[in-house]
Amino acid sequence: MSTAMVPPEAEAEILAELRRLRARVPQLSGALAGSSDGLVLAQDSAATEVEAVAALTAAALGVAQRLSDSTGQGGFRELLVRGEHGYVATYAAGEAAVLTLIAEPRVNVGRLHLEARRSSLRIAELIDHTLGRRGPGTTVPQV
């Protein structure tokens, strides 16, 4: 699934990162990199509703950003939702993208956070490089 935001080569690299993440955390049933405005950049999931998940992630991201700001916690870093059948976790991937993961209820949440934070930084680097945002003025969120 391509968008104008990233060229096919970058999409392939992002997809490879999603697959490596799923290999490191086998309890993941889906991984999606999306733009902060709800477009799918790359996905590794059996789910057929990836566009809907990307759009819902963008909506949740807006609320999470406002909540974080209004409580004095600073910029958005991550959001974890625990449902009856597992977790949905969203991580900032630079300024323009997010990483959303679907995990089984038996996932080790600490491991999920550790591996997802690493992957979100890598995805942010790939996107920033693609968009020509590298250099001394670039800030990548530290997680």
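How many residues lie between strand 1 and strand 2 in the hairpin that they form, and which residue in the turn has a positive phi? The hairpin has four residues between its two strands, and G38 in the turn has a positive phi of about 100°. Helices (H or I, at least four residues) and strands (E, at least two) are DSSP runs, numbered from the N terminus. The model is predicted: local features need pLDDT of at least 70, side-chain atom pairs count only at pLDDT 80 or more, and totals for chains, interfaces and linings use all residues. Residues are numbered from 1 along each chain as its sequence is written, and side-chain values use heavy atoms, with hydrogens and water left out.

Strand 1 and strand 2 run antiparallel and are joined by five bridges; two strands pair if DSSP finds at least two bridges between them. Within this pairing, A33 has A42 of strand 2 as its bridge partner. G30 also has its place in strand 1. With a relative accessibility of 2%, G30 counts as buried, where buried means under 20% relative accessible area, exposed over 50%, and partly exposed in between (1.4 Å probe, protein chains only). Leaving aside neighbours within four places in sequence, G30 is in contact with R22, D44, S45, T100, L101 and I102; contact means heavy atoms within 4.5 Å. The C-alpha atoms of G30 and L18 are 8.9 Å apart in space, and the two residues are twelve apart in sequence.

Helix 3 covers residues 109-130, and its 22 residues should span 32 Å at 1.5 Å a residue; the end C-alpha atoms are 31 Å apart, which agrees. The expected span is 1.5 Å times one less than the number of residues. At the N-terminal end, N108 caps helix 3 through a side-chain oxygen that lies 3.0 Å from the backbone nitrogen of G110. The buried residues of helix 3 include L112, A116, S120, I123 and I127. Together, the buried residues of this helix pack against helix 1 (8-24) and against strands 1 (28-35), 2 (40-45), 3 (78-83), 4 (86-93) and 5 (97-103).

A93 counts as buried because its relative accessibility is 2%. Beyond the neighbours within four places in sequence, A93 is in contact with V98, L99, S120, I123 and A124. The C-alpha atoms of A93 and A116 are separated by 9.9 Å, although the residues are 23 apart along the chain.

In soluble globular proteins, nonpolar side chains tend to be buried together. A nonpolar core is a set of buried Ala, Val, Leu, Ile, Met, Phe, Trp, Tyr and Cys residues joined through side-chain atoms within 4.5 Å. The largest such core here has 25 residues, of which I14, L99, L101 and I123 touch the most other members. Helix 1, strand 1, strand 2, strand 4, strand 5 and helix 3 each supply at least two residues of this core. Helix 3 gives the largest share, five residues. Not counting residues up to four places away in sequence, I123 touches I14, E17, L18, A33, A93 and L99. Apart from this core lies another, of five residues, among them L61, A64, A92 and V98.

The structure holds eleven salt bridges, a salt bridge being a side-chain nitrogen of Lys or Arg within 4 Å of a carboxyl oxygen of Asp or Glu. In helix 1, E17 and R20 lie three residues apart, about one turn of the helix, and form a salt bridge with closest N and O atoms 2.7 Å apart. E17 counts as buried at 5% relative accessibility, whereas R20 is partly exposed at 39%. In helix 3, E115 and R118 are likewise three residues apart, and the closest N and O atoms of their salt bridge are 3.6 Å apart. E115 counts as buried at 4%, and R118 as partly exposed at 48%. These two pairs belong to a network of salt bridges that links E17, R20, R24, R111, E115 and R118.

Definitions and conventions. A polar contact is a pair of N or O atoms within 3.5 Å; within protein, one must be able to donate a hydrogen and the other to accept it, and residues adjacent in sequence count only if both atoms are side-chain atoms.
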